[in-house]
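The sequence and structure are shown first, and the description follows.

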Amino acid sequence: MIFVRICVIIRLGGDIVIRVAAVDDDVSVLKNIGKLIKRTKAFEGFEYIVDTFTSGSDFLHSEKFYDLLLLDIEMPQMNGFELAKQVNSVSQDGEHTSIIYISNYENLVFESFKYSPLRFVRKNNLDTDFPEAVNAFLSKYQSETNFFSFIERDSNACINVKLMDIMYFESFGHEIYLIEKGGKTYIIKRSSDCTMSELEEKYSDYGFIRSHKSYLVNYRHIYSIKDNKIYFENDKIALISIRNVKEFKIRYQSLVMKERI
């Protein structure tokens, strides 16, 4: 059984350490996971520590919080579903553990959905599936923990907003507006490095889609799409350019499906 957790901790000074805990009753699998982590380009530029456990109970006794679990379903004494249930039950204070199942039992993929896994990786395709799964985690983690920092035009104050909390950016005239969940709106002070094109390039990997020359939207906050209009909470609406409707919907559906797989 494989059970890997990755915790990205930002320390004073900006250093980032990735803590990996692997739990498997097969020592050879633990060694393979370690090799895969070293080869995965997503980890380049990060410091990381790998801890290994030979059972789920040993892992639980460590009483540490991790951001990511790579978790096999079949294991003696405590299976992956039971372990995931315990881990999910202690998530608190906004901390949530992402789960990636690693198993040869593909028939259990649908049953695993009740534990909201980020990915289901086939053990016999570990070399090819693992890097994509890790990339998905890192993208999700960064979008949840990263902040967008800017100078607010009217107050001239420095504002920090979680990327996850931004519904969309809107360009109107010479101004760029940031619309936060809940409907709060900021006007970003003009600067050469804050244009819609710059924002699109920087945040497209975090779930933001350019729907129109004047809109960059966060797919997570989309309530519905009708014709060429995107509806959010608080009656907020963004536009999709007519020639971009089909492409936008494909991109949006792809992001939603990845989140649910």
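Q77 is found in the loop between β4 and α3 (80-89), where helices (H or I, at least four residues) and strands (E, at least two) are DSSP runs, numbered from the N terminus. Its phi is positive, about 70°, although Q77 is not a glycine. Most residues other than glycine have a negative phi. Q77 is exposed, with a relative accessible area of 79%; exposed means over 50% relative accessible area, buried under 20%, and partly exposed in between (1.4 Å probe, protein chains only).

D235 likewise is not a glycine and has a positive phi, of about 60°. The loop that holds D235 runs between β15 (229-231) and β16 (237-239). D235 counts as exposed, because its relative accessibility is 75%.

## Basis of the model

The model is predicted: local features need pLDDT of at least 70, side-chain atom pairs count only at pLDDT 80 or more, and totals for chains, interfaces and linings use all residues. Residues are numbered from 1 along each chain as its sequence is written, and side-chain values use heavy atoms, with hydrogens and water left out.

## Overall composition

The secondary structure of the protein chain comprises 6 helices and 16 strands. Of its 261 residues, 46% count as buried. Among contacts (heavy atoms within 4.5 Å) between residues at least 6 apart in sequence, 51% join residues at least 24 apart.

## Nonpolar cores

A nonpolar core is a set of buried Ala, Val, Leu, Ile, Met, Phe, Trp, Tyr and Cys residues joined through side-chain atoms within 4.5 Å. The largest such core has 20 residues, and I33, I100, L126 and F130 have the most contacts inside it. At least two residues of this core come from each of α1 (27-39), β4 (68-71), β5 (98-103) and α4 (126-145). The greatest share is that of α4, with 8 residues.

Apart from neighbours within four places in sequence, L126 is in contact with N32, I33, L36, I102, V121 and P131. A second, separate core has 18 residues, including I176, L178, I188 and L216.

## Helix α1

The 13 residues of α1 reach 19 Å from the first C-alpha to the last, close to the 18 Å expected at 1.5 Å a residue; the expected span is 1.5 Å times one less than the number of residues. Buried in α1 are V29, L30, I33, G34, L36 and I37. These residues lie on the same side of α1, because they cover an arc of only 165° around the axis. The arc is that of the directions from the helix axis to the C-beta atoms. The face of α1 turned away from this buried side carries the exposed residues K31, K35, K38 and R39.

V23 lies in strand β2 (residues 16-23) and counts as buried, because its relative accessibility is 0%. V23 and T52 are 29 residues apart in sequence, while their C-alpha atoms are 5.6 Å apart in space.

E180 belongs to strand β10 (residues 175-180). E180 is buried yet has no salt bridge, that is, a side-chain nitrogen of Lys or Arg within 4 Å of a carboxyl oxygen of Asp or Glu. The nearest side chain of opposite charge, K184, is 5.6 Å away from E180; Lys and Arg count as positive and Asp and Glu as negative, while His and the chain ends are not counted. Not counting residues up to four places away in sequence, E180 touches V161, D165, I166, M167 and Y186.
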